[in-house]
Structures are given as C-alpha cells and as structure tokens.
Amino acid sequence: MNSRPAHPDVLVVGGGATGTGLARDLALRGVDVTLAERDGLSAGASGRSHGLLHSGARYAESDPEGARECLEENRILRDIGGACVRETRGLFVQLADDDPHYFEAKRAACEDVGIPVDVIDGETARDAVPGLAEEVERAMWVPDAVVVPSRLVAANAAAARDRGAEILPHAPVTDMTVENGRIASVSLGGDARKTVEPTYVVNATGAHAGRIAAMAGVTVPMRPTRGVMVSIDYDGLEPVLNRCRDPADGDIIVPHADEAVLGTTSVPVDDPDDYERADWEIEQTVAECATILPAVAEADQVRTWWGVRPLYEPEESARGGGRGISRGFHLLDHAADGNEESSPPALGSDGVENFASIVGGKLTTYRRMAEATADLVCDRLGVDGESTTATTELPGESDPSTLDEYVREFDGQGPTDADLVGTGR
C-alpha cells in the first residue's frame, strides 16, 4: 500500500452512471475528485440493463413528475451524448387481449406530461415494424431511445479525468475509519492499494449501498431485485417495443444493431453478488416478448445476463411493490444535521458529517441524480458554481471509436452493449 495518503476533496465510491456522472459534475465545478470502483466501470446495474432511454411514457399515468424528469433527461442526453445514444423511437402496442382503457389512460397521461404521441392502427404498425404480431390492434409512437451504457459511463469518466479527477476502476473499498463523527480515511484495495483521506465521501454503489454505508456505521436499507435480459439475433428492428399493459415480465424489446434485447423479470434477492439465475425467467421473458414479435421465440440466443436493481427499501415498502410506478432517487445526507432541504430532500440523519449516499433512480435520470448530489456536496464544501452538465457535450461524443477507447481505458464493457461497443457504430 502507498505510504502517503491522498487527500482529494471528494471520494466517489461507485463507477456506474451516477458515480461517474457525479465525478464529472464535481470536476467541472473545480472540485478535486477521486472515483473508486471495484470491478471496472459499468460493472453494476448501469452496464447490465436493457439500455432503454425512457421518454417517460412508461410512467406517465402512475408518476407524472417522474415522467417529466425522464422526458427532460432524455432530451438532454440526446444533446450531449452523441454516439452514447441510438435514435430509435418507441412503440407501445395494444394486443387484442389488452385492456383498451389502459391504452387510453396512457395516451392521455402522455399528452398531459408533454410527451409527444402518435396513435396508429395495427396495420400501420405492422407496416412500420415487419413481423409485429397480428394481434396488435393499435399502437402509439413515443420518443424512447437506446443508451449505449458502456460508452456513456466511460465518457463521463473521461470528462472527469480531463478536469483532473483520478479514476480508479479496480479499487474496492476495504475499510473506512470514522473519527469524531467524520470519515477520516478510506482504504482501497485491488490495483490502487492506498489510503485516501477525503474531505467528503459519496456512496454511489447502487445495490451495494447498504454494505458500503455499514463500513461507516450508517444504515442504508436496500431491497434489490434481479431481472434477466436475453439478447437474440434479430437484424433490422428499429423501435423499442413496449406492451401497453400493466408492467409485467417480458414486456419490452430493445433494438441493437443486429440483435434485440428481451426483458425482463423482477425477483427479490438477498445478496446482489450471489443470487439464483433461474431458467424460468429466460423462458417466460422470451414467451411474453413473442406475443409482441413472434419470431423472437425461435431466434438464436446470443447471450443472457441478469442485472440487479438498486431499490431503496423505504420507498418499496411505501409503493407496495407495484412495477408500473416510477422509482425516484433518494439523496441521503448522513450528517447529524442532515435534514436540510436538497433536491430532492436529503434524508437519513446518522451523525457522519462528511458522508452521503445516492440510491434508487434510473439510468435515464443519472445526470439529474449526479447534479443533485453535487449540489449537496458543494454546499458542504463551500464551493460556488452551478452544474453545467446539461449543456456540456461529453468528450468523444461524435466519434464512436473514441468512446470505445474510453471503455477499454476504464475496463468499462458491460453485457448490455457488448454487440455495439468496438464496432465503430
């Protein structure tokens, strides 16, 4: 281990979209940042998702405010993300057995939120999407898109590094020392093998947030769930396909270049590192997706992976487990006076003055989560300056090859986009 500790202003623990987005936001404000991830960037939920860039339509009727956030962040990421985003559009389809009132409620809710929709009949939908099920009676276009998460995360890390941040992609936290109500030092293992003495620490480790928080004597209750994704050979699909019904297993198909990703399930897990991967989840996901696009049932399966959602237990208890309700994010300020308002309100007064956790949320809203966290951190550090991440393009955004170099630099390849990264597309 290095004999002389480093003294960054902020240590960000977690190298997914939120963690790297936070490192970028802070670095753009002139804050000295170190980011530590244990398994290479995108190793968690960010790199193991289905890669949907939400338009907000999925949540329009159940959580209008969350849908508006998705719509706004969707537009921002299209502006700043370049080749981190694939323009595909999305199509919500109603089958003959689906409740037509649900379709009408979603359309009305989308219009209320401001999400552009265009309703088409089944024949027009089948003309637009060859192979679409004959049972599709009508559909509506929405501005969904596809994220290439490995590129997105690596580009955020590169932006932070270019502003002086230290990015450590193989540096698991092995210990924290708390003295006088503050985190005094953090021990990093792996390739880093050093001690860091930061002024402030942010826990952005997703489903692992409870374990990292416990090292500082803090409780962050998580209720993670697993979901399977199945990538199949399927060339030429343009839009994201969503079944227009109450969200359930196997109701989304996400297009890639010559593959399509089928998803997903939702099964509680006790340990986000050690959980069952059940064959029935694969079979059910394929069968349900085949009701939308029948050919997927016979398509060759290229790869299968599971992701673990970083769900915050108090919210899940309040929600009652409903899958159709948008999940917000929670910024937990662990200071003794941690009841000050932030955006959203800071929660969790635990008596560790220089520590916060950011949990929940969605890949689509990662930048907003990072901005809210950076605002809190800068307030605690006495740093002036507004976030500029919504108007600053990501480095390399216009060049897929450059973005893929960043992915290799930070060991950031996840399974979601393994068929896209490195292809120059």
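**Entry 1: L262**

I started with L262, and leaving out residues up to four places away in sequence, I found that L262 touches V228, M229, V230, I232, I252, I253, T285, V286, C289 and V296. Contact here means heavy atoms within 4.5 Å. A note on what I'm looking at: this is a predicted model, where local features need pLDDT of at least 70, side-chain atom pairs count only at pLDDT 80 or more, and totals for chains, interfaces and linings use all residues. Residues are numbered from 1 along each chain as its sequence is written, and side-chain values use heavy atoms, with hydrogens and water left out.

Where does L262 sit? I found L262 in strand β17. Helices (H or I, at least four residues) and strands (E, at least two) are DSSP runs, numbered from the N terminus. L262 is buried, at 0% relative accessibility. For my own reference: buried means under 20% relative accessible area, exposed over 50%, and partly exposed in between (1.4 Å probe, protein chains only). I also checked L262 against G250: they are twelve residues apart in sequence, and their C-alpha atoms are 6.9 Å apart in space.

Next I went to V147, in strand β8 (residues 145-147). V147 is buried, with a relative accessible area of 2%. V147 and V85 are 62 residues apart along the chain, yet their C-alpha atoms are separated by 4.6 Å. Skipping neighbours within four places in sequence, I listed G51, L52, L53, L77, C84, L152 and L363 as the contacts of V147.

Then D112: buried or exposed? D112 is exposed, with a relative accessible area of 63%. I located D112 in helix α3 (residues 100-113). D112 and R86 are 26 residues apart along the chain, with 26 Å between their C-alpha atoms.

**Entry 2: the cores**

I looked up the largest nonpolar core, which has 54 residues. A nonpolar core is a set of buried Ala, Val, Leu, Ile, Met, Phe, Trp, Tyr and Cys residues joined through side-chain atoms within 4.5 Å. Which members touch the most other members? They are V10, L26, L77, L152 and I167. Helix α9 (residues 366-381) gives the most to this core, with eight residues.

Setting aside neighbours within four places in sequence, V10 is in contact with L26, V31, D32, V33, T34, P198, Y200, V202, V377 and L381. Apart from this core I noted another, of 33 residues, including I120, L237, V269 and Y275.

**Entry 3: two helices**

At what angle do α5 and α10 pack? Helix α5 (residues 149-162) and helix α10 (residues 400-409) pack at about 80°, with their axes 8 Å apart. That makes α5 roughly perpendicular to α10. The axes are lines fitted to C-alpha atoms, for helices over the stretch in contact, and angles run from 0 to 180 degrees between N-to-C directions. Angles under 35 degrees count as roughly parallel, over 145 as roughly antiparallel, 65 to 115 as roughly perpendicular and the rest as oblique.

I wrote down who meets whom: from α5 there are S150, R151, A154, A155, A158 and R161, and from α10 there are P400, L403, D404, Y406, V407 and E409. Sorted by class, this contact has seven nonpolar, one polar and four charged residues. (Ala, Val, Leu, Ile, Met, Phe, Trp, Tyr, Cys and Pro count as nonpolar, Asp, Glu, Lys and Arg as charged, and the others, Gly among them, as polar.)

The buried residues of α10 are P400, T402, L403, D404, Y406 and V407, and they pack against α5. After α10 comes D411, with a positive phi near 50°.

**Entry 4: cysteines**

How many disulfides are there? I found zero in the whole structure, taking a disulfide as a pair of cysteine sulfur atoms within 2.5 Å. For C70, the nearest cysteine sulfur is that of C110, 11 Å away. C70 is buried, at 0% relative accessible area. For C244, the nearest cysteine sulfur is also that of C110, 8.4 Å away. C244 is buried too, at 1% relative accessibility.

I noted a cis peptide bond from G263 to T264, with omega near -15°. T264 is in the loop between β17 (259-263) and β18 (267-268).

N180 isn't a glycine, but its phi is positive, near 55°. I found N180 in the loop between β10 (173-179) and β11 (182-188), and N180 is exposed, with a relative accessible area of 81%. R193 has a positive phi near 45°, and R193 is in the loop between β11 and β12 (194-196).
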